[in-house]
There are 2 protein chains.
Amino acid sequence: MQSPTQRGGTSGATNCTLSAFSIIDEELAQVRTLIEQELSDCSEPVRGLVGHIRVGKGKMIRPGLALLSGLSCGGITKKHIRAAAIVEMIHEATLLHDDVVDEGESRRGLPTLNSLRGNESAVLLGDFLLSRVFRLCRGLDGHSAEMIASAVVQTCEGELRQIAQRGNWELSESEYIGIIAEKTAALFSAACAVGAILAGADEKQVKMLADYGHNTGIAFQITDDLLDLVGDKKKTGKTVGSDLDKDKLTLPVIHLLSTAGRKMGKSLFGKPGDEPINRHRRADLLARLRNNGCLAYAQKRAEEFAQRAIAAIEGLRRSEGRTTLIETARFAARRTV
Amino acid sequence: MQSPTQRGGTSGATNCTLSAFSIIDEELAQVRTLIEQELSDCSEPVRGLVGHIRVGKGKMIRPGLALLSGLSCGGITKKHIRAAAIVEMIHEATLLHDDVVDEGESRRGLPTLNSLRGNESAVLLGDFLLSRVFRLCRGLDGHSAEMIASAVVQTCEGELRQIAQRGNWELSESEYIGIIAEKTAALFSAACAVGAILAGADEKQVKMLADYGHNTGIAFQITDDLLDLVGDKKKTGKTVGSDLDKDKLTLPVIHLLSTAGRKMGKSLFGKPGDEPINRHRRADLLARLRNNGCLAYAQKRAEEFAQRAIAAIEGLRRSEGRTTLIETARFAARRTV
């Protein structure tokens, strides 16, 4: 492992879309190698499926955060590589299961596994990933493993809460934030906290990084939901509008309903169980969201959470690691991919 | 906790269908309480779903094996209660995910969660259970947790292998046994081995109980597959014939094809992807399985594995625990529920 002062920003190619991650290029490559090793160590039919999921080929933001948190608290160790692989594998497992949940048809520009091989393979492959994670956690200390396990519990609870709230036009912004704090930010926060713990950080630093991760995660998810409405399918590689199809309320729509009146919900969306919102109505809705400043509002809220994330790590000593965490928080709120 | 000599067989009611388990009545009640505690400690929408799954209300064979293995190796401790809750929760998570996989409509006489609330809730609730298991494992020693994690990995691999083999009329008996050894017997074996470890058993005893669990698990699954063909829906509480509907080959059919010739597969089942086998063809198939001794053959094989299980623990000192393990292996092969 290198110390922060030995780092260069140019080595090797990366699949990561966040250029600031170039300072952890080598470590991210090690994370990918570890994930590949973990996933190739299985019987033939499973290996065939693993080829479809392209784990470790996305933005790698969660493993990146675990590594950068380590870097900003003293340095990256072998255990950081393991923890980073763990959080990426958890993320991939939730994507697989989300695709079943959301009936998504494409992810990262490729057909989802469930649309190719059916729900059953997607569910079981997600379980396979989770069970490998479970085993990999044995190599971490008790505190880190506990944090990761709790983050997985929260992720599931958040997803289930979100399903329970579908089509609820009364959902408030704070309830929405509470849901995404669980379903997304819990894993971001755990990745950062564990990165700090494994670098020998003190309790205060661990708390700073947990807060940083929590706020970055919220910014990231608000933006994710915004991209579901207005993103470029070619760039995001995801099915656009899937939240609307599932009556899943996200921040721009919540803001519209809270400003323009809740009654609009019914007229715009119909009752839960009605036909999914059609193209015509969707275009109408998008125009209203834009004209009422709801897209801009969500963007502003994402940036506020990114600012909170940055403020949370003000107390850390200046380092390349901290600087990159700051850039990552900004990316979380401003990304277009 | 009681020592084996203090035990009586009459205390309290049990939901368990295996009467021999009455000697661990109290501990099974503690396992149920722990599971209930674990599952009630969650937010509201999740709690609502948990009510549907009736975890801890089935045969409780896996937790029973963990407890009895402890009992036969020195005694049941608090950690046994935890380990027993863990294996039951894993089992329940796989049932939830299996129901998605198999499109099952009833389980234990009740509608499955997925048929009530959609695949999404079933998937996420299974994940929620697995993530709670993950956290509960923190309270066990490293060796036990490692064994449990490996069993979950194997369970997933076995399920995926089984899917990959669907409609393969060439599947041999030994391949089938290999699949069920992973998908079912791995967790049985881990439950027994962990029960022994937590009672302070030596390596030889742990090995004996792992072997016992492996063979009991295979006997149990052969019988489960047999009940899928000829079971009484009122007794088993499951959708009968779901394996055939999914082109899933189980032992009686494999035996029929190996004795009556592989060509029959095509004429009986059609090509993979054809319409599921209809009632008329199913009645015909069942008659052939019966007339060709294939049901009896599967029954005999299950009993042979039960005998191997019993032989595996011959070296353990005689105790009420060992006696009940012997009865449990017989039950695994002869049960009608």
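Author: In this predicted model, 36 residues of chain A are in contact with 36 residues of chain B, where contact requires C-beta atoms, placed from the backbone, to lie within 7 Å. Helix 2 (44-53), helix 4 (78-102), helix 5 (113-136) and helix 6 of chain A each supply at least two residues of the side of chain A that touches chain B. Helices here are DSSP runs (H or I, at least four residues), numbered from the N terminus. The largest share of that side, 14 residues, comes from helix 6 of chain A. The side of chain A that touches chain B divides into 20 nonpolar, 7 polar and 9 charged residues. Ala, Val, Leu, Ile, Met, Phe, Trp, Tyr, Cys and Pro count as nonpolar, Asp, Glu, Lys and Arg as charged, and the others, Gly among them, as polar.

Helix 6 (residues 142-164) of chain A also meets helix 7 (residues 173-198) of chain A: their axes come within 6 Å and cross at roughly 170 degrees. The axes are lines fitted to C-alpha atoms over the stretch in contact, with angles from 0 to 180 degrees between N-to-C directions. The two helices of chain A, helix 6 and helix 7, are therefore roughly antiparallel, a term for angles over 145 degrees. Among the residues making this contact are A:Met147 and A:Ala151 of helix 6 of chain A, and A:Ala186 and A:Ala190 of helix 7 of chain A. The residues of this contact comprise 12 nonpolar, 6 polar and 5 charged.

Residues are numbered from 1 along each chain as its sequence is written, and chains are lettered from A and ligands numbered from 1 in the order in which they are written. Local features need pLDDT of at least 70, side-chain atom pairs count only at pLDDT 80 or more, and totals for chains, interfaces and linings use all residues.

Note on methods
Parallel < 35°, antiparallel > 145°, perpendicular 65-115°, else oblique. Contact = placed C-beta atoms within 7 Å.
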